[in-house]
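Please consult the sequence and the structure shown below while reading.

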Amino acid sequence: MSSAKPVSENATPGFLVWRLSMKWRVAVDRAVGPLGLTHAQYSLVASLYGMHRDGVRPSQRRLADHTGLEPLYVSKLARSLEAAGLLDRERDPADPRAVRLSLTEEGREITRRAITVVQGLLEQLLAPLGGLSGDRTRAFSRELATLLDVPLDPRAGAEALPDATSSKEQS
């Protein structure tokens, strides 16, 4: 019998968010792997699918902003998805620096299947909160959105670090 404490006991919110995101990433990787996708690729094609459904053909940059992924990483993922025949990349005639993305027919089919698989995972993960349509899940989603909407100051916490110049002066 294990005497290990539950993960949540005395854990900071940051640690819990990290653990939950890692658990989710691994679960999605395993679930969409048979469809030839990784979690990051799934995030890209599922977001692209939703944006297309809303009548938007985004640039790589806009998709990066939407997913929270770095633009360079989105470009790398888009190239690999293009090589796999799942999406098309096309220069924007209005802005030659921008690349517009769209799913191919095969990409739409794979994405629909992947979304179904991931929805099942969401139901499983959120079952303790009442499932996808549960009141606690909606409240949890609102709380997460609140945290995601907080702008980050890249200097935050820097004041706790020792000043490199003062430590050199002290030597």
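Q60 is buried, because its relative accessible area is 11% and the buried class lies under 20%. The model is a predicted one.

**Setting of Q60**
- Q60 belongs to helix α3, which covers residues 60–67.
- A polar contact of 3.0 Å links the side chain of Q60 to the side chain of R89.
- Leaving aside residues up to four places away in sequence, Q60 touches V74, S75, A78, R89, V99 and L101.

**Overall fold**
- The protein chain contains seven helices and two strands.
- In sequence order, these elements give the pattern α-α-α-α-β-β-α-α-α.
- Of the 171 residues in the protein chain, 26% are buried.
- Among contacts in the protein chain with a separation of 6 or more, 44% are between residues 24 or more positions apart.

**The strand pair**
- Strand β1 (residues 87–92) and strand β2 (residues 95–103) run antiparallel and are joined by six bridges.
- The two strands β1 and β2 form a hairpin, with two residues between them.
- D88 is placed opposite S102 of β2.
- E90 has R100 in β2 as its bridge partner.
- As a general point, side chains in a regular strand alternate between the two faces of the sheet.

**L103 in strand β2**
- L103 lies in strand β2.
- With a relative accessible area of 4%, L103 falls under the 20% limit and is therefore buried.
- Not counting residues up to four places away in sequence, L103 touches V45, L48, Y49, H52, L86, L87, R108 and T111.
- L103 and A46 are 57 residues apart along the chain, and their C-alpha atoms are separated by 9.9 Å.

**G68 in a loop**
- G68 sits in the loop between α3 and α4, the latter spanning 71–83.
- The relative accessible area of G68 is 64%, which is over the 50% limit, so G68 is exposed.
- The C-alpha atoms of G68 and S43 are separated by 9.8 Å, and these residues are 25 apart along the chain.

**The largest pocket**
- The volume of the largest pocket is about 1700 Å³.
- Its lining comprises 37 residues, of which L20, S21, W24, L144 and L148 are the closest to the centre of the pocket.
- Two or more lining residues come from each of α1 (13–32), α2 (39–53), α3, α5 (105–126) and α6 (135–148).
- Helix α1 gives the most to this lining, with twelve residues.
- Sorted by class, the lining has 22 nonpolar, ten polar and five charged residues.

- L103 is buried, whereas G68 is exposed.

Note on methods: Residues numbered from 1 in each chain as written. Predicted model: local features only at pLDDT ≥ 70, side-chain atom pairs only at ≥ 80, totals over all residues. Heavy atoms only, no water. Helix = DSSP H or I, 4+ residues; strand = E, 2+ residues; numbered from the N terminus. Buried < 20%, exposed > 50% of the residue type's maximum accessible area, 1.4 Å probe, protein only. Polar contact = N/O pair within 3.5 Å; in protein donor to acceptor, adjacent residues only side chain to side chain. Contact = heavy atoms within 4.5 Å. 1 Å grid on protein atoms, 1.4 Å probe; cavity = no way out; pocket = protein on both sides within 12 Å on 5 of 7 lines; lining within 4 Å. Points joined across faces, edges and corners; volume = space filled by probe spheres on them. Nonpolar A, V, L, I, M, F, W, Y, C, P; charged D, E, K, R; others polar. Pairing = 2+ DSSP bridges.
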